[in-house]
Amino acid sequence: MSTNEITFENLPKAVAQLANEIAEIKSLVEKGQTAVVSKKRVPIGIDEACQIIGKAKPTIYTLVRKRQLPCYKNGKKLYFFEDELLEWISKGKKKTMQEIESEVETNFKKRTKDFEY
């Protein structure tokens with residue numbers, strides 16, 4: 001039942017549904033769990049993909065051709081999923097100098113421990 005369907009006649013049913021949902025949320029909170037919301041993955045077109053990753057259409061087509069960008073093709077049209085594009089962006093993270101230096105120190109300490117007698 002959506003909020004648009006609430007009328008005076010079905011008000012008791014709507015209140016009962018809300019009470020059930022509140023009880024369910026309360027039990028989840030008491031157990032320390034989070035509610036699982038199923039989210040539909042809606043495919044987007046190339047224009048939306050361009051906006052998400054901030055690249056021009058020719059660049060998108062090049063990345064797709066080189067199989068570097070996750071996409072789906074149905075007929076002549078390309079489709080993308082926003083979560084896959086955001087994951088693709090996050091995989092290309094460049095490390096900061098501080099992160100590189102801390103990795104070097106950690107690796108150096110591990111190797112010097114291996115050579116101690």
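In the predicted model, the axes of helix α2 (residues 46-53) and helix α3 (residues 57-65) come within 10 Å and cross at roughly 95°, so α2 is roughly perpendicular to α3 (a class covering angles of 65 to 115 degrees). Helices are DSSP runs of H or I with at least four residues, numbered from the N terminus, and axes are lines fitted to C-alpha atoms over the stretch in contact, with angles from 0 to 180 degrees between N-to-C directions. Ile46, Asp47, Ala49, Cys50 and Ile53 of α2 meet Lys57, Ile60 and Tyr61 of α3, contact meaning heavy atoms within 4.5 Å. Residues are numbered from 1 along each chain. Local features require pLDDT of at least 70, side-chain atom pairs pLDDT 80 or more, while totals for chains, interfaces and linings use all residues, and side-chain values rest on heavy atoms, without hydrogens and water.

The whole structure holds 6 salt bridges, each defined as a side-chain nitrogen of Lys or Arg within 4 Å of a carboxyl oxygen of Asp or Glu. One of them joins Asp47 and Lys57 (3.1 Å, N to O), and this pair links helix α2 to helix α3 across 10 residues. Asp47 is partly exposed at 45% relative accessible area, as is Lys57 at 37%; partly exposed lies between buried (under 20%) and exposed (over 50%), with a 1.4 Å probe and protein chains only.

A further salt bridge connects Glu84 with Arg41 (3.0 Å, N to O). Because Glu84 lies in helix α4 (residues 82-91) and Arg41 in the loop between α1 and α2, the pair ties together parts 43 residues apart in sequence. Glu84 is buried at 18% relative accessibility, whereas Arg41 is partly exposed at 44%.

How values were computed:
Helix = DSSP H or I, 4+ residues; strand = E, 2+ residues; numbered from the N terminus. Parallel < 35°, antiparallel > 145°, perpendicular 65-115°, else oblique.
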